Each structure stands twice: as structure tokens, then as C-alpha cells.
Amino acid sequence: METTTLTLDEVRSLAKAILTGAGMNDAGSDVLADLVCKSERDGPRSHGLRMLPVYAQSFDSGYANPDAQPKIEQIAPGVLRGDGDNGYYQIIGAKARAQLIDMARSNGIAAFSCANTHHLGALRFDTEPLAEAGLVALGVVNSLSMVVPHGGNKPVFGTNPMSFACPREGQAPIVWDQASSVIALMDVRMAAAEGHDLPLAGGLGLDGQPTQDPNEILETKSLLPFGAHKGSAIALLIEILGAALAGGTLSVDNAEREAHGALNVKGGATLIAIDPSKFGNATFNEYVNRICAEIDGNGEARVPGDGRLNKRASAVADGVTVSTELLSQLRDLAGAS
Ligand code: NDP
């Protein structure tokens, strides 16, 4: 595959041009362009530049609101509720952040739950800023029903990711995020676009058996949960904490998306922030460092999410390589807008 190297500033500028050209307002396009750039920098790259045509289509088709004016309301001492005005989650997530941090610091724990929002991309960028502010964070979002519950034969759950972040004294925070499916939908799409098999059987093929062929999986629209019944139970938890708590769109309710021919999805998201200094253990930081020390250097084990830090260092120093074909499509999209 032919590739071109871009600096992170070039990635951000290209994203900004496409998003403003697709009608996004200045503040919203700044937030989304920054997250496209961070996804290219740290991974997952499936949520980076490749998402731009999806964003543009969702605005052109009238499915998502490019000029969203999200509303946030504190409805209990520890509860912040949001309505995303049919825009992308990232915008309301960025708007809610400072207030959520203040509430967690004063109450010890606080949660932000919001509905009427579109696909939030990689969840890690929603939890990491809380850990950078000294808080422990847990985020969930539901998505499009593509995951078959363990033992079932039709999709019920989205690929429903969750993310955990925690401050780590003297180092970058622990931040991991993962889908409830064996593999994320965007990675299936990316493998199909790049013409290669998945590294492992991630969904059902046309014969109803597990397969590594991304095209067959995109046709059956049936991914497998990770860890059999255990991953299936996590997907259920996320469906409830995401869609049900927030009053967001259930993963099985996607008629509106299909009517617009859109690839992105609506869902509900909840982000819980915990201030460890309010929980009475003065040596919390030592505990975290001790746990991490037991993992690192333990055979091949490493603290989950730390891979992003190496990718980040390399992207900052050398830029990111992008498929020349994708880049040409994106430049056409930027020029056309
Ligand atoms: P991966 O399986 O690629 O990675 C899951 C996590 O495990 C990452 O934090 C990764 O961090 C870490 N990890 C990977 N390998 C190891 C290892 N050997 N040891 C320790 N940790 C490891 O992620 P998924 O495919 O499940 O999800 C990809 C992305 O898609 C996520 O960002 C998720 O938020 C997003 N997503 C978004 C959805 C939405 O609707 N908005 C739906 C589904 C997924 P690292 O390798 O950097 O250390």
C-alpha cells in the first residue's frame, strides 16, 4: 500500500477543512478535528482520518446536526445530564468536562450522562483528561446492534466500548478502552477497505460460523462478544449504563440511521468521575504504582493502554503515515467542500 507522511498539524488542518466545509460550526469542528488528530497520533487510527467521510455524510444527509448547541443541566449534586442537540458526543463531552471535574472534586463522585448524540469515536479521549485532572474515570457508550449475545442468533448490543483511566504519580495516566466485541466495527471496515483478513475470527460468516473475513462479517452484521458469556454481560451493562440511563438510542433502534444511509450511529453515553482523594486512602497513588509495577516486567505483560504512549511519541516526532489513496479522497472532499 502506497503511503504519505503527514505531520499532526497537517492532519488537524485537513480534518478542520473537511468538517467546516461540511457545515460544522467553528467550535464543534475544532473539537472534532482535534480528536481525529489524536486518534491518528495515539490510535485507534480507525477513528482518525477515515472517519471524516462518515462525519461529512452524516451532515449532508441531515442525520447529524453540524451546528449543535448542546445543553447541560445539573439535576442532582452528583449528576450532570446532557442533550447533545443531535450533534457529535465529543462536543458536549468537551463542554461538560470542567463542570464534571468540579462536581467530582466536591462530592467525591459524579457522573455525566447524555443522549441525543452521535458516535463518540475512541472513548479513551473522554476519560484521559479526567485522569490528567487527578480523577479516576469510567466511560461507556452504546452503539449500533452488531453484537450477538452469547448463545443468541441475532445482534442486540452495539460494539459498546468502555474506557477506564486513572492517574499514575510521576507518569502519564493509565488509560485503556476496548469494545465489547472481539474486534471493533471500524477495524472490520478498515480491514475490508485495505483488503486483508482480520487477525482473528471476529464475527459470523455467511455460513453462520466464525470467520476472519471482514466482508462476510459486514454482510451478516454479526460480531461476536469478547470472552463468550463474560463479554456479553459487559455489553449488557454498557447498554444499560449508556442508553438506558441516559435515555439515548438503543443499539437495536437504528431505523433513522438507515433512512439517512449513514454509517455513524446514535447512542447514550455515561462518564463516571471519582476523586480518589475523597475515599480515605492517603496512599492511593502508592497502591496504583505498586499494581502497575507487578504487571510491568511480568513476562510479556504490560499495563493496558501504555502502547498509546509509544505511538504518541513516534507520531509527534515523525508524523503519521496515511494511505495515499485515502489521502487523495480526503483532499478531494476538502476541495469539494
Ligand atoms: P483493542 O483491542 O485494540 O485495544 C483494547 C485496549 O487494550 C487498548 O487500550 C489497548 O491499548 C490495550 N492493549 C492492546 N494490546 C494489549 C496488550 N498486549 N497488553 C495490554 N494492553 C493491551 O481495542 P478495540 O478494538 O476493542 O477498540 C478500539 C477502539 O474503538 C477503542 O478506542 C474504542 O473506544 C473504540 N470503539 C468505539 C465505539 C463507538 O461506538 N464509539 C464502538 C467500539 C469501539 P494499547 O495497545 O495502546 O496499549
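**Entry 1: surface patch**

I began with the rule for patches: they are made of residues with over 30% relative accessible area and no salt bridge, and nonpolar side chains are joined within 5 Å. The model I am working on is predicted.

I found one of about 200 Å², made by Val156, Leu250 and Val252. I then placed Leu250. Leu250 lies in the loop between α8 (228-246) and α9 (255-259). Leu250 has a relative accessible area of 36%, so I log Leu250 as partly exposed.

**Entry 2: aromatic pairs**

I describe a pair of aromatic rings by the distance of the centres and the angle of the planes. How many aromatic pairs does the structure hold? I get four.

I took Tyr55 and Tyr88 from the list. I traced where the two rings sit. Tyr55 belongs to helix α3 (residues 52-60) and Tyr88 to strand β3 (residues 79-88). The two are 33 residues apart, and the pair links distant parts of the chain.

Next I turned to Phe164 and Trp176. Their ring centres are 6.1 Å apart and the planes stand at 35 degrees, so I note the pair as tilted. This pair also links distant parts of the chain: Phe164 is in strand β6 (residues 162-168), Trp176 in strand β7 (residues 171-178), twelve residues apart. I checked the cover of both. Phe164 is partly exposed, at a relative accessible area of 25%. Trp176 is partly exposed as well, at 22%.

I went back to Tyr55 and asked which residues form a cluster with it. Tyr55, Phe59 and Tyr88 form one aromatic cluster.

**Entry 3: helix α2**

I looked up helix α2 (residues 26-42), which has 17 residues. I compared its reach with the expected span. From first C-alpha to last, α2 reaches 24 Å, close to the 24 Å expected at 1.5 Å a residue.

Which residues of α2 are buried? I list Gly28, Ser29, Leu32, Ala33, Leu35, Val36, Cys37, Ser39, Glu40, Arg41 and Asp42.

Last, I checked what follows the helix. Just after α2, Gly43 takes a positive phi of about 85 degrees.

How values were computed: Residues are numbered from 1 along each chain as its sequence is written. This is a predicted model: local features need pLDDT of at least 70, side-chain atom pairs count only at pLDDT 80 or more; totals for chains, interfaces and linings use all residues. Side-chain values use heavy atoms; hydrogens and water are left out. Rings of Phe, Tyr and Trp (its six-membered ring) pair if their centres lie within 6.5 Å; planes under 30 degrees apart count as stacked, over 60 as edge-to-face and the rest as tilted. Helices (H or I, at least four residues) and strands (E, at least two) are DSSP runs, numbered from the N terminus. Buried means under 20% relative accessible area, exposed over 50%, partly exposed in between (1.4 Å probe, protein chains only). The expected span of a helix is 1.5 Å times one less than its number of residues. Patches are made of residues with over 30% relative accessible area and no salt bridge: like charges are joined within 9 Å, nonpolar side chains (Val, Leu, Ile, Met, Phe, Trp, Tyr) within 5 Å. Accessible areas come from the Shrake-Rupley method with a 1.4 Å probe; for residues, only the protein chains shown count as cover. A salt bridge is a side-chain nitrogen of Lys or Arg within 4 Å of a carboxyl oxygen of Asp or Glu.
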